[in-house]
Amino acid sequence: MESSPLSKTTIASKTTMESLEKYKDEISGLPRDNGWIPWQPLCLYKGFWLYPYFLQGSLQARDHFEAQPSDVFICSSMKTGSTWLKSLCFSIATRAQFDIDSTTPLRTTLPHECIPFLEYCEYYTAPQGPKTSLFASHLPYTCLPKSIIDSGCKIVYICRDPKDTFVSLWHFLPKIVATMAPGQEDLVVSIEEGFELFCKGLFSYGPYWDHVLGYWKASLERPDKILFFKYEDLKKKTEACVRKLADFLECPFSIDEEKEGAVQKIIKFCSFESLSNLEVNKTGKHVRGDDFVENNIFFRKGKVGDWRNYLSAEMGERLDNIMEEKLSGSGLTFKN
Ligand code: A3P
């Protein structure tokens with residue numbers, strides 16, 4: 001894969017402070033809700049609930065980011081398997097450069113730090129990783145910077161059963177709060193309250209169904225540019241999905257690579273068991289400015305159907321029904 005031109009140095013470092021100040025007014029006029037974390041309101045922007053921190057980054061990207069046709073965006077709502085998808089894409093795209101058994105940066109770097117994240121204003125270099133054409137974002141399709149759509153660059157999207165997504169997020173938020181505002185994690189809502197909010201669409205980057213639908217419809221309209229995955233399919237048909245990913249990234253596996261088991265090697269290395277047991281992901285820290293989170297919060301169980309351990313059958317059915325209603329007529333379903 002080609003990498004983005006070196007001349008495009010990170011605008012973010014030059015303009016972050018002035019830009020963030022500039023966007024304060026635009027953000028302060030938006031509707032707010034303090035549902036999940038009392039001191040962290042979600043703001044309603046173009047029909048989606050975003051935390052101001054990510055919204056500022058999104059607005060800056062809207063005004064400054066220039067996508068290249070060769071760029072590839074890994075997009076997802078939160079807690080749908082983006083750590084896994086990033087690791088797979090990175091391993092596939094850089095396999096000529098790094099040996100998966102020894103030199104891949106993923107052995108010493110959190111997957112999120114190998115790929116620039118748009119909302120952090122990391123446009124041209126990831127904090128730790130080498131330059132590639134890969135970028136990541138949680139933004140809904142309709143909130144992506146115009147240049148991403150206009151440039152014709154590619155997008156890989158991952159979504160997940162909403163029940164598992166919700167349960168994953170409900171475990172994740174208190175861990176973020178525990179490091180960023182120690183002692184306040186008890187103020188994050190209970191699972192019942194969180195569930196009500198999720199069902200109303202109030203969720204970081206939510207409503208979840210609109211996030212999924214935006215990319216689903218776009219993938220039907222532009223199948224050559226947008227590849228749509230479900231976490232559950234990636235689990236069930238990993239080899240087929242990895243080959244599809246490699247074809248989509250325009251670096252298909254050669255016959256020799258197939259014979260040498262390159263596909264299986266990548267899958268094994270990127271598996272939950274393997275990544276979550278790497279020292280960097282067990283004990284490392286993901287630092288952002290003055291804040292940090294433990295890398296291990298990105299690896300919890302990595303299972304399909306874990307929602308059954310936390311939600312009642314009635315809650316599950318209720319969310320399924322909401323989802324089915326919202327997705328009706330789209331051709332997409334999360335029913336087994
Ligand atoms: P659980 O909380 O259900 O375990 P994201 O990466 O988008 O934040 O999504 C997080 C979810 O993906 C978590 O789910 C996490 O455990 C799971 N996950 C992380 N790495 C994974 C991997 N290599 N394979 C499968 N699932 C993984």
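A polar contact here is a pair of N or O atoms within 3.5 Å; within protein, one must be able to donate a hydrogen and the other to accept it, and residues adjacent in sequence count only if both atoms are side-chain atoms. Keep that in mind for the tour of this predicted model, in which local features need pLDDT of at least 70, side-chain atom pairs count only at pLDDT 80 or more, and totals for chains, interfaces and linings use all residues. Residues are numbered from 1 along each chain as its sequence is written, and side-chain values use heavy atoms, with hydrogens and water left out.

**Stop 1**

Select Thr83, found in helix H3 (helices are DSSP runs of H or I, at least four residues, numbered from the N terminus). Its side chain makes a polar contact of 2.9 Å with the side chain of His112. Thr83 is buried, at 9% relative accessible area (buried means under 20%, exposed over 50%, partly exposed in between, with a 1.4 Å probe and protein chains only).

Now show the ligand. Which residues are closest to the ligand? They are Thr83, Ser168, Arg300, Lys301 and Gly302, out of 18 that surround it (a residue counts if one of its heavy atoms lies within 4 Å). Helix H3 (82–93) and helix H13 (272–276) each supply at least two residues of this shell, and the largest share, 3 residues, comes from H3. By type, the shell divides into 7 nonpolar, 7 polar and 4 charged residues (Ala, Val, Leu, Ile, Met, Phe, Trp, Tyr, Cys and Pro count as nonpolar, Asp, Glu, Lys and Arg as charged, and the others, Gly among them, as polar).

- A backbone N or O atom of Thr80 lies 3.1 Å from a ligand oxygen atom.
- A polar side-chain atom of Arg160 is 2.9 Å from an oxygen atom of the ligand.
- A polar side-chain atom of Tyr231 is 2.7 Å from a nitrogen atom of the ligand.

The protein covers 98% of the 570 Å² of accessible area that the ligand has on its own (Shrake-Rupley method, 1.4 Å probe).

**Stop 2: aromatic rings**

Rings of Phe, Tyr and Trp (its six-membered ring) pair if their centres lie within 6.5 Å; planes under 30 degrees apart count as stacked, over 60 as edge-to-face and the rest as tilted. By this rule there are 22 aromatic pairs. Tyr53 is partly exposed at 47%, while Phe54 is buried at 16%.

Next, pick Phe198 and Phe203, both buried.

For a charge over a ring (NZ of Lys or CZ of Arg within 6 Å of the ring centre and within 35 degrees of the ring normal), select Lys154, whose charged end is 4.7 Å from the ring centre of Phe248. Lys230 sits likewise over Phe334, at 5.3 Å.

**Stop 3**

Most residues other than glycine have a negative phi, and most peptide bonds are trans. What joins Gly206 and Pro207? A cis peptide bond, with omega about 5 degrees. Pro207 is in the loop between helix H7 (191–199) and helix H8 (208–221), and Tyr205 lies in the loop between H7 and H8 too. Tyr205 has a positive phi of about 70 degrees and is buried at 0%.

Finish at Glu250, with a positive phi of about 65 degrees. Is Glu250 buried or exposed? Exposed, at 59%.
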